[in-house]
Amino acid sequence: PLLGESFDLIWAPTQAVLMGAMFDKQMPSAKWIGLAEELLPMTDILPSATLAWLRCNSSYLQDKVGTLKPNARISEVKEDKKK
């Protein structure tokens with residue numbers, strides 16, 4: 001436990017920089033959330049980068065999944081989009 005928490009002190013700023021590079025335009029607070037998550041003890045179980053990615057891409061995923069019909073073939077979905 002002590003070794004893992006001390007590694008988090010090194011990893012926290014690195015994760016904040018990486019999350020800032022990935023999500024700063026859509027979600028500027030993501031880097032601070034990731035930094036706090038790594039610095040606070042016993043919070044490593046929270047997947048902050050994954051949650052930020054899902055939040056930034058949820059509308060895209062919803063559009064893609066929402067266009068599929070149950071039991072429809074891909075060719076049928078393409079034909080519906082052409083109409």
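Okay, so the protein chain here has four helices and zero strands, where helices are DSSP runs of H or I with at least four residues, strands are E runs of at least two, and numbering goes from the N terminus. Along the sequence that reads α-α-α-α.

Quick housekeeping. This is a predicted model, so local features need pLDDT of at least 70 and side-chain atom pairs count only at pLDDT 80 or more, while totals for chains, interfaces and linings use all residues. Residues are numbered from 1 along each chain as its sequence is written, and side-chain values use heavy atoms, with hydrogens and water left out.

Now the overall numbers. Of the 83 residues in the protein chain, 19% are buried; buried is under 20% relative accessible area, exposed is over 50%, and partly exposed is in between, with a 1.4 Å probe and protein chains only. The chain exposes about 6,700 Å², and carbon and sulfur atoms supply 67% of that. Those areas are Shrake-Rupley with a 1.4 Å probe, and for residues only the protein chains shown count as cover. On contacts, meaning heavy atoms within 4.5 Å: among those between residues at least 6 apart in sequence, 45% join residues at least 24 apart.

Let's look at α1, residues 2-23. How far apart are its end C-alpha atoms? They're 30 Å apart, which agrees with the 32 Å that 22 residues should span at 1.5 Å a residue; the expected span is 1.5 Å times one less than the number of residues. There is a bend in α1 of about 40° at Ile10, and Pro13 follows within four residues. That bend is the angle between axes fitted to the seven residues ending there and the seven starting there.

Which residues of α1 are buried? Asp8, Ala12, Gln15, Ala16, Met19, Gly20 and Phe23 are. Two of those come up again with Ser48, which is in helix α3, residues 48-66: Ser48 touches Gln15 and Met19, plus Gly34 and Glu37, leaving aside residues up to four places away in sequence. Ser48 counts as buried because its relative accessibility is 9%.

Last stop, charges. Side chains of opposite charge can pair when their charged atoms come close. The structure holds one salt bridge, that is, a side-chain nitrogen of Lys or Arg within 4 Å of a carboxyl oxygen of Asp or Glu. The partners are Asp24 and Lys31, at 3.4 Å, N to O. Asp24 is partly exposed at 33% relative accessibility, and Lys31 is partly exposed too, at 22%.
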